[in-house]
Amino acid sequence: MPSSRPRFAVQHRTLLLWTLGILAAVVAWDAGGQDIPLARAFGSASGFPMREQWFFVQVLHEGARRLGWLLVLLLALGVWWPLGVLRRLDAGGRLQMALSALLALAAVSMVKNLSTTSCPWDLAEFGGVARYASHWALGVIDGGGGRCFPAGHASAGFAFVGGYFALRHNAPAAARWWLAAAVLAGLVLGGAQQVRGAHFMSHTLWTGWLCWTVGWLCDLGASALRPRLAGLSAAVAGEPPRAAG
């Protein structure tokens with residue numbers, strides 16, 4: 001529908017500005033060099049006292065990781081058997097929610113596996129053997145185990161940010177609550193890992209931005225493909241085709 005095109009352009013221009021604004025804030029944190037000072041608030045030469053604390057390990061790490069994967073499974077099953085707010089989306093929107101979460105997790109994992117940056121608890125300053133090297137120092141081996149950037153565990157919350165983009169068209173209020181819950185979960189999980197010495201705050205912030213960007217790109221792709229796939233998605237879900245827009 002011609003009338004929807006200007007609104008579509010304005011919406012995605014606004015999202016582009018938000019994406020760039022969040023990126024600027026994350027880069028500003030990096031430029032300010034706040035990672036080490038914040039890590040010193042929780043660790044010392046003898047290590048991080050909260051590293052093995054039960055609540056942080058069993059609930060905020062292991063429990064949250066399992067809960068995150070359970071939610072991914074529920075979103076995948078919800079493509080065919082929607083419950084709750086998912087009923088307000090067509091099959092394409094539900095597929096977008098599931099895929100955006102999986103792709104965000106995959107993107108974080110891929111970058112993490114390529115990273116040579118080690119965790120705070122690996123640094124000599126905190127009882128380890130590695131020397132500090134910024135994650136911007138690409139290819140620099142710091143003497144530790146590497147593969148600590150960005151924060152994989154925080155993605156168990158941030159990965160679901162993509163649901164906001166799918167929901168905002170048909171359920172804007174639910175979309176805002178979904179976004180707030182995903183961001184809060186990511187910050188809490190990333191903060192717990194900060195206290196344990198498993199990550200710097202920048203690792204968590206970059207994970208949040210990466211998951212947001214993946215969610216937005218998925219929305220752009222879904223918006224472009226939905227008119228062509230409306231019939232197929234409706235057939236898969238056993239629904240009559242819906243008008244695009």
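## Overall make-up

How many helices and how many strands does the secondary structure of the chain come to? The count is eight helices and zero strands. Here helices (H or I, at least four residues) and strands (E, at least two) are DSSP runs, numbered from the N terminus. From that terminus on, the elements run α-α-α-α-α-α-α-α.

This is a predicted model: local features need pLDDT of at least 70, side-chain atom pairs count only at pLDDT 80 or more, and totals for chains, interfaces and linings use all residues. Residues are numbered from 1 along each chain as its sequence is written, and side-chain values use heavy atoms, with hydrogens and water left out.

## Confidence

pLDDT is the predictor's confidence in each residue, from 0 to 100. Its mean over the chain is 90. Of the residues, 89% reach 70 or more. Residues 241-245 fall below 50. Beyond near neighbours in sequence, that stretch has seven contacts in the model. A contact means heavy atoms within 4.5 Å.

## Surface and burial

The chain has 245 residues, and 47% of them count as buried. Buried means under 20% relative accessible area, exposed means over 50%, and partly exposed lies in between (1.4 Å probe, protein chains only). The chain exposes about 12500 Å². Carbon and sulfur atoms supply 70% of that area. Accessible areas come from the Shrake-Rupley method with a 1.4 Å probe; for residues, only the protein chains shown count as cover.

Residues 24 or more positions apart account for 78% of them.

## The nonpolar cores

In soluble globular proteins, nonpolar side chains tend to be buried together. A nonpolar core is a set of buried Ala, Val, Leu, Ile, Met, Phe, Trp, Tyr and Cys residues joined through side-chain atoms within 4.5 Å. The largest one here has 32 residues. Met 97, Val 161, Phe 165 and Trp 212 have the most contacts inside it. The elements giving two or more residues to this core are α3 (54-78), α4 (91-114), α6 (162-167), α7 and α8 (201-237). Helix α4 gives the most, with seven residues. A second, separate core has 11 residues, including Ala 39, Cys 119, Phe 126 and Phe 200.

What does Trp 212 touch, not counting residues up to four places away in sequence? Its partners are Leu 15, Trp 18, Thr 19, Ile 22, Val 161, Tyr 164, Phe 165 and Leu 179.

## Helix α7

Helix α7 covers residues 172-196, 25 residues in all. From its first C-alpha to its last, α7 reaches 36 Å, close to the 36 Å expected at 1.5 Å a residue. The expected span is 1.5 Å times one less than the number of residues. Gly 197 follows α7, and its phi is positive, near 90 degrees.

An α-helix has 3.6 residues a turn, so residues three or four places apart point the same way. Among the buried residues of α7 are Ala 175, Leu 179, Ala 182, Gly 186 and Leu 189. Trp 177 also sits in α7, but Trp 177 is exposed, with a relative accessible area of 68%. Gln 193 is another α7 residue. Gln 193 is buried, at 5% relative accessible area. Leaving aside neighbours within four places in sequence, Gln 193 is in contact with His 61, His 153, Ala 198 and His 199.

A disulfide is a covalent bond between the sulfur atoms of two cysteines. The rule used here is a pair of cysteine sulfur atoms within 2.5 Å. By this rule there is one disulfide. It joins Cys 119 and Cys 148, with sulfur atoms 2.1 Å apart. Both cysteines lie in the loop between α4 and α5 (155-158), so the pair ties together parts that are 29 residues apart in sequence. The link is right-handed, with 110 degrees about the S-S bond. Cys 119 and Cys 148 are both buried.

Most residues other than glycine have a negative phi, and most peptide bonds are trans. Arg 147 lies in this loop, and its phi is positive, near 55 degrees. Arg 147 is exposed, with a relative accessible area of 52%. Pro 150 is found in the loop too. A cis peptide bond joins Phe 149 and Pro 150, with omega about -5 degrees.
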